[in-house]
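Hi,

Here is the structure I promised to hand over. Have a look at it first, and then read on for what turned up.

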Amino acid sequence: MTTAHSTAVRVRRAADAPPLITSADLPPARHFVDGAFLDGSSERRIDVVDPSTEEIIARVPEGTAEDIDRAVAAAVAGKDRWARLVPKERSEVLHAVADRLAGHTDLLARLESANTGKPLAVSRDDVGMTIDTFRFMAGAVRASTSMAAGDYAEHHLSVVLREPLGVIGVITPWNYPLLMAAWKLAPVLAAGNTLVIKPSEQTPLTTLKFAELVADLLPPGVLNVVNGYGAVAGARLAEHPDVNMIALTGSVASGRAVARAAAGSLKRVHLELGGKAPVVIFPDADPAAAASALRVAGFWNSGQECGAACRVLVHDSIAGEFVERLVGEVRTLAVGEPRAGEDIEVGPMVSRAHFDRVTGCLERAKAEGVRVATGGGSLDGPGYFVAPTVLVDVPEGAEVAREEIFGPVISVETFTDEEEAVRRANDVPLGLSASVWTENARRAHAVAARLDFGTVWVNSHLVLASEVPWGGFKGSGYGRDLSVYALDDYARTKHVMHNHER
């Protein structure tokens, strides 16, 4: 349904443009186990849909518990050989993986956009950071540090070793299929583990293409990919007794399910879950700079981003000017199919189900008296497009201010003083990221320290680097992606003590 607020927005189409991908670009529509593509144990298939056109572009096998068991067995068989490699050898393999990906950047970006509807600029950024993640981990594994060996008890020399965990189960989401896979795969492999990855059933293509591209670089069993649904394949991976850790990027509900399944075998759990990032704008901030930054940080990847700048808390003295500037910025966003042009900035929601979820949230907000400053509803199909939206007059505690919408929507609330701003920013169940906007350095340090979020930006938002950690607090999970902290997550420490008394 097209609302009155969204009729000014038009979805740019590309009727005469060539398709993003051909059948030759697609990976084998199979599982990848023990170094080869294999059929599954079931004849059932999952349709992979282009969300820009609603057309089926591939069908992949629906993985079963038996398929997971076969992949885990391969990972177990391959783990000792991979773990025995010295850091230099694993580093060289990871560099080779990065080189291989770099040689196929355009193909991977087109495949990602075809499967997810991402603008090509977003997909290219994803591929670039994927390559950088592998390069960083290739270097970091050769420069790990630990406490110094020494006598901490008289006549006893202590040495602390860092060892691989073994077999890691990885479950990745639909919003960043290739990049979130890399954020797990690179440190998992660098640390000396083998793995089984289950990509989202909605967006498996770049993960399968990754396996195809690097198949000759990794020993059999080191990397295994099983398609399927979370309730079957994901659940079996999380509960499998031979899996030493389960690492998931996904929804809070998925995180809870994985943690419950993992509890039976007491395996480690690494969770990077949702976010509801507050953007706290103080009266001395630059409203124009903040609005310009949020044009990107609020709508990157069509708002399907766990760190998106989706919840603005702006001081009431500058709220009017800020909203006017933000609405002006948002109305210039180019919405369309990825093949409609290099300047497309906002694509579709990834699926019909998610489209219905986002539009339903907008309808409830309007029914509750929240005002739509721009956007506010769906756009004409085909495709699952939602107009870039700014919601204002949002009361404290409203659903759109507390629950993750995960779409192209920014809500705006106001505050009157610093105490209120901090309290309301923290009053959400999630704690992934936040930002503070002020020219007062003392205030910036003090407020950032009080915000209960794993990443806090000052006068910017959604800026990432491989060298720094990413992960949340509270309902956003635990564990860290990126940086040397990720390497630590996928390793265990062993203390060896030698009695050398003579």
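One definition before anything else: a crossing of two helices is called right-handed if the near helix is turned clockwise from the far one by less than a right angle, and left-handed if it is turned anticlockwise. Please also keep in mind that this is a predicted model.

**Two helix pairs**

On the α7 side the residues involved are A235, A238 and E239, and they meet V258, A261 and A262 of α8. Sorted by class, that contact has five nonpolar residues, one charged and no polar ones.

Now go to α2 (residues 87–102) and α6 (residues 205–214). Here the packing angle is about 115 degrees, and the axes lie 10 Å apart. An angle from 65 to 115 degrees counts as roughly perpendicular, and α2 and α6 are therefore put in that class. α2 passes α6 in a right-handed crossing. If you want to see who touches whom, show V97, R100 and L101 in α2 together with F210, L213 and V214 in α6. By class, this contact again comes out as five nonpolar, no polar and one charged residues.

While you are at α6, check how covered it is: nine of its ten residues are buried. Among them are L205, T206, K209 and A211, and the three residues that meet α2, namely F210, L213 and V214, are on the buried list too.

**The sheet**

As a reminder, strands of a sheet pair through backbone hydrogen bonds, either parallel or antiparallel.

One place to look is R311, whose bridge partner in β16 is S411.

What about β18 (residues 433–437): how many of its residues are buried? Five of five. S433, S435 and W437 point one way from the strand, while A434 and V436 point the other way. β18 also pairs in the parallel sense with β12, over three bridges, and in the parallel sense with β19, over four. V436 is a handy landmark for both pairings: V280 stands opposite V436 on one side, and V436 stands opposite V458 in β19.

If you open the model now, I'd begin with the helix pairs and then move on to the sheet.

Cheers

Note on methods: Residues numbered from 1 in each chain as written. Predicted model: local features only at pLDDT ≥ 70, side-chain atom pairs only at ≥ 80, totals over all residues. Heavy atoms only, no water. Pairing = 2+ DSSP bridges. Axes fitted to C-alpha atoms, helices over the stretch in contact; angles between N-to-C directions. Parallel < 35°, antiparallel > 145°, perpendicular 65-115°, else oblique. Contact = heavy atoms within 4.5 Å. Nonpolar A, V, L, I, M, F, W, Y, C, P; charged D, E, K, R; others polar. Buried < 20%, exposed > 50% of the residue type's maximum accessible area, 1.4 Å probe, protein only.
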